[in-house]
Amino acid sequence: MASIEFLILLLVASSLIAYLLTKVNSFLGSVFTIFASMFVFVSLAAYGFNATLVTDVLYLPGFTFGYTYLGAFFAIIVAFVYAMVSFFHPYFIDHYKYKNAYNMLFLLSLAGVLGAFFTDNFLQLFFFFELIVWSTMFLIPLGKSKSAAVSYFAYSAAGSFAMLFGIFVMRAQVGSFDMTLGLSSLTGTNAIIVYVSFLIAAFAKLGVFPLHLWLPIAHGNAPHPFSPVLSGALVKLGAFVAVLALIRITPASGLITAINLPFAHYIVAILGAMSIVFGTLMAIREDDAKKLLAYSSMSHGGYIIVAFSLLDSVAYAGGFYHILAHALASAGAFMAIAAVARQTGTTKMSELGGIIHKMPITYIVYLVAIISMAGIPPMGGFISKWLIFQAVIDKGLIFIAVALFFGSIGSFLYVFRPLAALFLGQELPQFKKTVKEAPILMLIPMVIITLLNIYTGVLPNQLFGFINRIIGELGFAPLVTSTFEINGYNGIINPALIAGIFGFGVVIAFIIFISLKKSKQVTLMETYTAANFIHTEELLHYSVDFYAPLERLYAKYIHIMTNFFDSLANKVKELGRLSKYVFMSKYVEVAIFWIVAITAFLLWGEIL
Amino acid sequence: MKSTKFTPARKLTKEEIDRKWWEIGDFFRRNSLWMLMYCTGCCAIELPPAMTSAYDMERLGMGPMATPRQADILLISGYLSVKSLRRVIYTYEQMSEPKYVVGLGSCPINGGIYHDSHAVINQLDQYIPVDTYVSGCMPNTESVMNGFVDLMEQIKNKTANGWVKYKENNEWYKSNQKAALGEVIIHDEFHE
Amino acid sequence: MIVNILIGFGIAVLGFVLQTSVAGVNRKIIGRLQKRYGPKWYQEFLDIFKLLSKRSISHGWIFDFGVIMALGGIIATAMFMPITNTFVAFAGYDNFFIFVYLLAVGMLGMAMSASGSGNPLASIGVMRALTTMLAYEVPFMIVILTVIKLSNTSSMVGIGEFQRALGNNWFLIALPLGGIVAVISLMGMLGKKPFETYIAPAEIASGPMVEYGGKQLGMLFIMHEITVFIEVSLFVHIFLGGASNIFIFLIKYFVVYTVVNLISNVNGRFKIDQVVKFYYKWPLIMAVTQAIIAIYFGWVI
């Protein structure tokens with residue numbers, strides 16, 4: 001029997017061992033990291049699915065753990081992404097300046113994740129949150145830029161301290177830090193205060209509008225093997241807090257009868273919808289592949305917020321399934337880009353082209369990941385988006401539906417751009433000789449994630465059994481499923497049938513193709529150029545400003561949020577300068593005057 | 001006289017089956033010809049009335065197409081300078097097989113009124129195989145339509161074999177091209 | 001299950017034959033409109049079979065694989081489409097969203113294959129096609145949201161039967177603004193002028209199809225015909241009340257396609273940013289207004 005405390009202590013110990021081992025030999029240290037994270041994931045999955053994890057605490061003083069289906073769901077997904085990404089460490093570790101710290105902080109953040117999801121005390125939740133933030137904050141600057149960590153920490157700190165404020169307000173009313181009992185017994189204005197502060201924390205961690213500016217900076221500049229973890233796994237902490245806030249708290253607010261939704265939840269849904277639209281628009285114009293996928297995470301975070309704010313069990317099932325499908329798809333896409341970046345040294349799409357001819361398996365991994373991200377059958381993203389559409393249509397929310405459909409179609413645009421500009425197109429001469437396929441140890445986790453992407457799209461019913469238990473725990477009616485079908489409000493889908501018929505169609509097309517005359521193979525440079533003779537490949541590769549006509553339509557409005565936050569930062573600096581001028585000027589007499597004045601003011605209240 | 005009642009029907013040999021498939025293919029190919037209009041010279045002015053409502057090429061199944069890979073007919077309309085001939089040969093080799101060439105006007109036949117110019121070629125047939133000529137300077141639109149119908153008849157009688165001749169006599173054509181042009185594909189972007 | 005698959009495959013083949021014939025007849029109608037004879041009614045069949053019999057070139061495995069995936073995806077989508085409310089392969093599973101998203105698989109396959117040919121004009125054509133899709137889908141989906149909310153089902157057969165029930169009108173009449181938006185979006189979906197920007201033969205040398213010849217182009221033409229069949233059938237089922245026997249379906253199909261073709265033949269072609277600006281102005285406003293008045297106020301004719 002595995003116990004949570006044992007796993008956490010194991011991870012802390014192995015992070016120290018990994019530190020020492022990497023000092024000796026970086027390859028050995030990375031292999032040890034692989035073993036540690038795989039062991040943790042396997043024991044979590046084996047015991048966590050059947051709810052047989054032991055929650056007793058023997059060694060850590062004052063900590064308590066509790067098993068909930070909600071926590072287990074999140075923990076298994078995050079641990080899986082950690083375990084798969086750890087396979088990349090032996091190949092990337094030599095690029096970084098502080099190799100030993102990399103492995104140590106990796107395992108330490110996984111320990112924090114386990115603790116955060118399996119705790120039942122809010123103060124411990126805050127402790128583990130901060131552990132995660134601090135350990136990942138020192139990982140990010142090992143990549144490209146140091147100021148990315150500052151941005152990441154600032155937003156995470158804002159979120160964490162808002163959550164701490166909410167926790168203390170709850171404690172003041174209820175009297176305990178317990179998670180399940182505490183939240184449901186909140187009433188009155190305290191409920192609203194806790195609701196808002198938890199939502200600030202959730203938005204900051206998930207990267208949803210308006211607290212989204214750290215996403216492209218942090219994810220785009222993080223080290224290449226760590227971006228899948230940041231984007232696929234760690235943003236799910238925000239989703240966990242959002243579930244706690246939106247579902248367990250019932251703030252007193254007016255009900256909008258036309259759509260049967262309380263006003264507070266409707267505001268949250270509007271913010272999620274704006275996040276979807278803005279994430280899509282900003283992703284369409286990005287040139288760096290990792291920043292593009294970071295904006296895509298912002299857009300999918302918006303989908304998750306919309307799903308959880310609808311007070312509807314079909315929407316909750318869609319939201320949970322979307323968390324799973326997005327984690328897998330985002331991890332797959334980031335891992336493919338990391339493999340390309342290792343071989344070519346860059347992730348900018350304007351400098352790459354024609355990579356598919358040397359790295360076909362990486363291409364297939366990326367293709368399956370983006371099919372799932374765009375919500376196309378037969379992969380998993382379609383099922384979750386279908387469920388969210390069902391809930392939105394049933395409630396009759398028109399403007400949120402506009403944003404949802406826009407995000408769904410717009411995601412075809414931005415996921416196609418790396419496919420066409422980076423993998424397809426002309427093969428640039430600087431990569432023809434030097435680029436090879438990724439090594440086998442890197443291909444194994446990518447192929448596993450691809451197969452899981454397909455599995456979540458074809459046979460989702462086992463997973464829905466588990467998700468129904470979570471929904472039941474939260475107090476709502478479970479989603480109706482049978483062995484092969486899923487029932488929404490106004491329709492039924494059968495994902496296995498869709499995948500089967502798709503396979504049948506491809507077989508028919510293949511038969512037609514094979515029975516006709518064989519084509520002559522020509523190179524990429526023998527192409528239609530209106531009979532011009534061509535000699536340079538770069539001039540024939542379309543990758544810069546891919547969606548230029550669409551980008552021109554909104555190019556004037558993209559800096560509004562960055563300008564807003566910049567001016568906010570400037571106002572804070574001005575306030576600091578003002579107080580420094582007034583209270584701490586270079587004349588000693590002024591300082592003494594203020595000290596005396598403030599002391600007199602405080603004592604006046606006390607004594608008189 | 002031998003009675004036909006007990007003679008079994010003759011089984012078709014492989015060549016006859018191939019020929020029947022080829023005939024079916026020819027039926028489709030001659031009734032749906034797509035042309036790539038390479039409007040090099042003056043005779044191209046005869047094409048708009050042929051394509052539009054005046055003489056209506058579309059009732060024969062023909063229509064214009066944008067790129068050589070999709071087209072069946074390469075229409076050489078008028079004179080070909082040496083520069084253009086390089087591009088025409090490049091385009092002809094990019095087309096998918098089976099492909100046909102139609103020469104409009106007198107210039108592809110013998111040089112026409114530019115026969116003594118130093119920059120114009122005289123006989124197109126030496127460089128790429130031509131299936132049908134439509135003579136005149138320039139031909140009337142009805143002759144152009146007549147030329148297309150002649151090409152369709154040639155496809156039906158299996159005499160439109162220019163592309164097969166090009167593959168079989170490739171060295172002869174290449175030596176002619178080299179003698180007239182020097183090099184067909186220019187080796188860098190600073191020459192023409 | 002085997003019987004259902006065979007019926008579905010029959011529906012796909014029927015759709016292909018139907019659409020190709022209707023397209024050929026329409027070419028003749030347009031020819032007569034322009035005071036000329038026009039081609040034979042089976043001209044499109046001749047075009048497709050001629051293409052399938054030519055030997056062409058290929059640029060690599062992704063070039064061929066994309067075409068196979070495109071045609072396979074579209075055949076799979078067509079197998080779900082109902083013809084009448086009894087002639088359907090997989091009853092109960094003909095959800096509207098399945099059609100919209102499985103069509104996207106076909107488009108993705110074609111886009112992959114076109115970009116894999118190495119020609120920048122193909123990538124530009126794909127970019128224009130995706131931008132056009134972003135433009136026409138959002139107003140269309142809002143109207144469909146209204147239809148699904150009113151008829152409480154998203155199955156094609158169910159929506160058709162709801163319109164034929166006593167006291168209900170066809171949605172083209174019951175939701176007039178929505179009907180206009182749907183016709184405009186249908187023109188965008190079919191790629192008819194003025195939304196034909198993604199092919200644009202004179203500007204980008206036929207866009208994604210620039211490097212295709214022979215059997216790949218033939219398969220793409222088959223894919224295009226079946227796509228048109230799916231989209232016009234969607235319109236017939238959702239807005240014109242479906243059909244209870246096959247002859248009514250054929251008549252409605254022919255009328256819809258001919259009307260759309262006639263409108264498109266008198267228009268020029270938009271630029272791509274004009275397409276996006278057009279769809280996000282009046283069609284979106286009309287669709288949202290229609291949704292508000294139908295769902296919240298209940299003013300349905």
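This is a predicted model: local features need pLDDT of at least 70, side-chain atom pairs count only at pLDDT 80 or more; totals for chains, interfaces and linings use all residues.
**View 1. Packing of helices H15 and H16 of chain A.** Helix H15 (residues 313-344) and helix H16 (residues 360-373) of chain A pack with their axes 8 Å apart, at an angle of about 150°. Because angles over 145 degrees count as such, H15(A) is roughly antiparallel to H16(A). The crossing of H15(A) past H16(A) is left-handed. H15(A) contributes A:Ala325, A:Ala329, A:Gly332, A:Ala333, A:Ala336, A:Ala339 and A:Val340 to the contact. From H16(A) come A:Thr362, A:Val365, A:Tyr366, A:Val368, A:Ala369, A:Ile370, A:Ser372 and A:Met373. Of the residues in this contact between H15(A) and H16(A), twelve are nonpolar, three are polar and none is charged.

**View 2. Helix H2 of chain A and its buried residues.** Helix H2 (residues 26-49) of chain A has 24 residues, which at 1.5 Å a residue should span 34 Å; the end C-alpha atoms are 34 Å apart, in agreement. The buried residues of H2(A) are A:Gly29, A:Ser30, A:Phe32, A:Thr33, A:Ile34, A:Ala36, A:Ser37, A:Val40, A:Phe41, A:Leu44 and A:Gly48. These buried residues pack against four helices of chain A: H1 (4-24), H3 (69-85), H4 (89-92) and H5 (99-118). After H2(A) comes A:Ala51, which has a positive phi, near 60°.

**View 3. Helix H24 of chain A, largely in the open.** Helix H24 (residues 560-583) of chain A comprises 24 residues. From first to last C-alpha, H24(A) reaches 34 Å, close to the 34 Å expected at 1.5 Å a residue. The number of buried residues among the 24 of H24(A) is zero, so this helix lies largely in the open.

Methods. Residues are numbered from 1 along each chain as its sequence is written. Chains are lettered from A and ligands numbered from 1 in the order in which they are written. Axes are lines fitted to C-alpha atoms, for helices over the stretch in contact, and angles run from 0 to 180 degrees between N-to-C directions. Helices (H or I, at least four residues) and strands (E, at least two) are DSSP runs, numbered from the N terminus. Angles under 35 degrees count as roughly parallel, over 145 as roughly antiparallel, 65 to 115 as roughly perpendicular and the rest as oblique. A crossing is left-handed if the near helix is turned anticlockwise from the far one by less than a right angle, and right-handed if clockwise. Two residues are in contact if their C-beta atoms, placed from the backbone, lie within 7 Å. Ala, Val, Leu, Ile, Met, Phe, Trp, Tyr, Cys and Pro count as nonpolar, Asp, Glu, Lys and Arg as charged, and the others, Gly among them, as polar. The expected span of a helix is 1.5 Å times one less than its number of residues. A residue is buried if 20 or more other C-beta atoms lie within 10 Å of its own, exposed if 12 or fewer, and partly exposed in between; C-beta atoms are placed from the backbone.
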